[in-house]
Amino acid sequence: MTTSVSAMGGIVRRKEDPALIAGRGQYVDDIRLNGEAVMAFVRSPFAHARINSIDTAAAESMPGVLAVYTIEDVRDLGPVLAQVPVGVLRPLLADGAVHHVGEAVAAVVAENSYVARDAADSVMVDYDPLPAVVDMKAAVTGTDRAHEGAESNVLVTWFSHDWWPGVFELEDHRPAIAEAKQRDDVVVVSQEMLNQRLIPTAIEPRAVLADWNHGYDRVKLWSSTQMPHALAGAVAKTFGLPSNEVHVVAPEVGGGFGAKLNIYPDEILTVFASKDLNRPVRWTETRRESAFSTIQGRGWVATATITGTRDGEILGYELDGIADMGAYSQNFTVAIPVLGLFVAQGQYDIPLAWQVACVQTNTQTTDAYRGAGRPEASYYIERIIDMYAAEIGMDPTEVRRKNFFKKEDFPATTAIGLTMDSGDYETNLDTLIADVDYAGLRSMQAAAREEGRYIGIGVGTYVEVCGFAPSVLAEFGFGWDAYGMPTSFSGSGLVRINPDGSATVIIGTGPSGQGHQTTWAQVVSDRLGIDFDNVRVTHGNTAESPTGVGTFGSRSAAVDGAATYEAAEKVSKKAADIVAHMLEASADDIRFADGGAHVAGSPGHKVTWAEIAEVAYKPHKGPEGFEAGLEAHAVFSPGNATWPFGSHLAVVEVDPETGNVEILRYVGVDDCGNRINPMIVDGQIHGGIAQGIGQAMFEEAIYDEDGNLLTGSLIDYPIPTAGDLPAFELGWTNTPTDVNPMGVKGIGEAGTIGSAQTIVNAVVDAVSPFGVKHIDMPLRPKRVWDAIQKARG
Amino acid sequence: MQVTMTVNGREVSGDVEPRTLLVHFIRENLRLTGTHVGCETSYCGACTIQVDGNAVKSCTMLAVQADGATVKTVEGLADGDQLHAVQEGFWERHGLQCGYCTPGMLMSAASLLEQNASPSEDEIRHAIEGNLCRCTGYHNIVRSIEYAAAKLRGEEPAPPDWTLDFEGVS
């Protein structure tokens, strides 16, 4: 049976799943090459220390050890490349000093992983410990430096009014806000809040396998990465190869969440070792070392302040914060707070004065973790707006509504000069309120409090920014120039009709579970009327996809999806000419459906895709002078980013005797424009919410004062389990975008951006009768209990 | 040391170091790579298999401890082309995204349903607490296991609860 699947709103089982549920999916560590050797690292026990000497003799003499490398062997290759190279770039191996616990000091290559580990443990390193800078505030005010000789630990401070000088001429809102504070009809509500550091924790640890072929001077690299083309560029640039001699494959990738959106030293070192030893070399991260070998996220402390009238009009929002960059700058490190700045004012048309200082510390590097700056920014505005609402005694949904950008404001210009494509925040919030019967919930809460139960209701709204565009943002750093791949964050889609009538679709993304094979097949099946099962989609492969940017920033559907849509359009135009010739009709009258093409109004007058393809590849059967073959490639560079949004609500119950928090309900109403596959959209929202709840309630990367990570295992760093979470209730509104032909916006990070503050708002609401105004995340029982005790006095 | 065991119905043997983990024996010696390693410390559950009918985390068991045992991995879950009900459930109810935790999750789910044919949502959530998933928020995993439970009981599974039919406003 031939079926085409609707591109919009079609539910279809995923193409990805049959292999994965059978245990036949292929992740990097599942691949084995003949003669491969295994790499292991010697890692620093100190957060900050000079290295006096490294003695590799014992390790080198062990049977089965092939090589032991230090910085002396690889210094010529330079540091790990970074797209926004502000700060100290990470050396491939520690160069004279270590700057965080777990920094790689030497690399051992051996016949198998057990021998490699034994040998790594035999390398003797002599250190001179130095004072470690661990605390973000101390990094700003103290005299110790995370890197010896640095003038300051502050790398850059981002200000909302001049974040990109020379491009945006912006009004500085600080004087107006200062003036507003002098009015006698205003309240000023201010709170310092921690947005704690997190460990991304994809369940698949990172892995890399490099195979340098000296015969062809070409290298093939399998990596658990979200950005295969950028990695190919970085390897090419580092080793002086043209990028077409580097073949990167990201096979199945077991979760990414931004943590696999970096160039990592192990990716370069395995290539180096493979070239040096003339053998394939692999490295697979252990969970324990993942905390040291993969980036972390968040790690901000900031004071948020709202100045507003007693009837709910916000006259100014200020944020003064510090963001912890860790020891080295990697891919986007110092640019992550800029992504927060993009959504700093949330859904509200209010004056903004925002400054965030980026500091180096002797801890693991931070970079993009699901949401990347936007959850932090959303958390601050949504928490302080709740505190403001409490201060003036107004319902938190009313304060929000009063300050929303209105539907008619769109396209709306933000305080930092960006244009938001479309939005209808009021309808979205109204939908949530109607869906949950908000008034009824408040009555239930009041009744419960009469019974001595502490129920809390929290609302959080968010605006997200996806598919970073326009192209000029590449000059700010939103491109892959540093990796020798000068490109904006455009999308790539190639659609090929094969001679047998099947379709191959090749996209430039690097997904890690988002279902791109399914979604793109829906788009192509819908545009070309080709059987969904007859469309094969591949991604994550630099030899197949002409260009590619990867998967991050909730960009894939809105950018690569749009490119694929355009490529399919090109194919349909050419195919229409072929079919017109075959059916002796006008090309304008050709319609594609049900596995082939027919003449409009005459469904019986038809040909199959196999018949069309045969003509395409046998030009003597086609129209005079047409070009043989049937494929098209499109690069799509949108004129703007997309700006999805949503409203979330949580109902929690707090046990004041223990501080335990139970989530009774979690409801999200998200608006990501048109939805290609609502099943997959729901799944993205579910997972996003779970990660936001993880931050709100459980997760925290804790370093002691010497810079030792105290939470390096999954027992100390508890990500949510099934028993910790409720079932999620989802609703949706639809405000399509016009920046791409499908009207889709993006949904990968929205759940995370909307959820942490929703939970905290609910918990604070629950314990507000005790006088509690704020509790820092994670809301573990002791912290909630302490807050209650402190408020009670 | 020589070990012999029955894996997915086939008798296999191999020469291993005493310290070789069962998961490494399965992945490296037998090249059954569906059983994944996510933490090496038994917290994440990606390596869950069945040993003598019980769900076991194969990263914290030595290969020599499984000498003589009957082992089932995710590759042995289906009966030929016929998917096990939990596999079908995960496919039908979008119980997986990246797929890395999925084999362990399937093995735990299969064990649960062997012991409890009609688990409540709470019982399902409790039963898979030892299997961590970072993608799905567990919502659709729970629905997938409910689907499988219904199938195994010979009942019609509840319809999916995605937001397809929710009336959007605009």
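Between which two strands of chain A is the loop with A:Pro470 found? Select A:Pro470 and you land between strand E18 (454-463) and strand E19 (479-480). Helices (H or I, at least four residues) and strands (E, at least two) are DSSP runs, numbered from the N terminus. While you're there, look at the link back to A:Ala469: the peptide bond joining A:Ala469 and A:Pro470 is cis, with omega about 5°.

A quick note before moving on. This is a predicted model, where local features need pLDDT of at least 70, side-chain atom pairs count only at pLDDT 80 or more, and totals for chains, interfaces and linings use all residues. Residues are numbered from 1 along each chain as its sequence is written, chains are lettered from A and ligands numbered from 1 in the order in which they are written, and side-chain values use heavy atoms, with hydrogens and water left out.

Next, pick A:Phe410 and A:Pro411. The peptide bond between them is cis too, with omega near 0°. A:Pro411 sits in the loop that runs between helix H12 (396-403) and strand E16 (412-413) of chain A.

Now jump to A:Thr201, in the loop between strand E8 (186-198) and strand E9 (207-213) of chain A. Its phi is near 65°, a positive value in a residue other than glycine. Is A:Thr201 buried or exposed? A:Thr201 is buried, with a relative accessible area of 6%; buried means under 20%, exposed over 50% and partly exposed in between (1.4 Å probe, protein chains only).

Zoom out to the whole of chain A. You'll find 20 helices and 30 strands, and buried residues make up 66% of the 793 residues. The C-alpha atoms fill a box of roughly 90 × 75 × 50 Å along the principal axes.

Over to chain B: select B:Ser42, in the loop between helix H1 (22-29) and strand E3 (48-51). B:Ser42 also has a positive phi, near 75°, and it is partly exposed, with a relative accessible area of 24%.

Last stop: colour chain B by pLDDT, the predictor's confidence in each residue, from 0 to 100. The mean for chain B is 95, and 96% of its residues reach 70 or more. Then select residues 165-170 of chain B, where pLDDT stays under 50. The model has 14 contacts (heavy atoms within 4.5 Å) for that stretch beyond four places in sequence. Where pLDDT is low, the predicted coordinates should not be read in detail.
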